[in-house]
Amino acid sequence: MLDNIPYLPYILSAFIGIGLAAATGFRVFLPLFAVSLASYFHWIPMSESFEWLTGLPTLITTGVATVFEILAYYIPFLDHLLDTISIPMATIAGSILFASQFTDLGTFPQWALALIAGGGTAATISTGFAGIRAASTATTGGLGNPVVGTTETAGAGLMSVLAMAAPIFAGILAIIFIFLALSVGRKAWKKLRRNQNASSD
């Protein structure tokens, strides 16, 4: 029955790609590690152009980077440092993981779609949580940042698993996260600016 649905493979690929891109918006390296691990053990297929994701060097590198990234968000100075580079890094990682699902489209449409959908999703969620973290730092003196960091790690892990195991649900959840990041993140940035203006006055 499902085989009769037009463009079903592309629809599923889009849901997987959006789910993985959303995961990189929470944490850059954890979704890359999850995909590398799953492809290394042949739990998910990987096209020839993205075979580098299945290799042991990539698995080890992303695994080590994942551990350092997670731990760094619990260290006051390092979490701010990572926030300054997390958005462009998440955009790149989200674009790569989204593009890995559309290798038969051709180079230009593949990467154009990846940058818009994958990179845009990752950047939006990453920006939203950066605003929440900044507001948390300003209002709690950084005491609330571990809660934000734990939420981000949990979100990255959840979305990574769902994108590969239940892509349709992951895609819907990713869209919800995008709207939440836009609304909550925008309020957090506005609140931060008001606090900065009040302190400067």
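## Ile-18 in helix 1

Ile-18 is part of helix 1, where helices (H or I, at least four residues) and strands (E, at least two) are DSSP runs numbered from the N terminus. The model is predicted: local features need pLDDT of at least 70, side-chain atom pairs count only at pLDDT 80 or more, and totals for chains, interfaces and linings use all residues. Residues are numbered from 1 along each chain as its sequence is written, and side-chain values use heavy atoms, with hydrogens and water left out.

Is Ile-18 buried or exposed? Ile-18 has a relative accessible area of 18%, so it counts as buried; buried means under 20%, exposed over 50% and partly exposed in between, with a 1.4 Å probe and protein chains only. Leaving aside residues up to four places away in sequence, Ile-18 touches Phe-98, Ala-117, Thr-121, Gly-171 and Ala-174, a contact being heavy atoms within 4.5 Å.

## Gln-110 in helix 5

Gln-110 belongs to helix 5. Its relative accessible area is 7%, and therefore Gln-110 is buried. Not counting residues up to four places away in sequence, Gln-110 touches Phe-50, Ala-99, Phe-102, Thr-103 and Leu-105.

## The chain as a whole

The protein chain has seven helices and zero strands. Along the sequence this reads α-α-α-α-α-α-α. Of the contacts with a separation of 6 or more, 69% join residues 24 or more positions apart.

Taken along the principal axes, the C-alpha atoms fill a box of roughly 60 × 35 × 30 Å. Of the 201 residues, 44% are buried. The accessible surface comes to about 10500 Å², and carbon and sulfur atoms hold 74% of that area; the areas come from the Shrake-Rupley method with a 1.4 Å probe, and for residues only the protein chains shown count as cover.

## The largest pocket

On a 1 Å grid over the protein atoms alone, a pocket is an open set of points with protein on both sides within 12 Å along at least five of seven lines, while a cavity is a set where a 1.4 Å probe fits but cannot get out; lining residues have an atom within 4 Å of a point. Grid points are joined across faces, edges and corners, and a volume is the space filled by probe spheres set on the points.

The largest pocket holds about 160 Å³ of space. Its lining includes Ile-16, Leu-20, Met-46, Thr-103 and Met-164. Helix 1 and helix 6 (145-165) are the elements that give two or more residues to this lining. By class, the lining has eight nonpolar, four polar and no charged residues; Ala, Val, Leu, Ile, Met, Phe, Trp, Tyr, Cys and Pro count as nonpolar, Asp, Glu, Lys and Arg as charged, and the others, Gly among them, as polar.

## The cavity

How many cavities of 30 Å³ or more does the structure hold? There is one. The largest cavity contains about 80 Å³ of space. It is lined by 15 residues, of which Gly-25, Phe-26, Tyr-73, Ser-86 and Ser-126 are the closest to its centre.

Helix 1 (8-26), helix 4 (76-99) and helix 5 (107-140) each supply at least two residues of the cavity lining. Helix 5 gives the most, with four residues. The lining of the largest cavity consists of six nonpolar, four polar and five charged residues.
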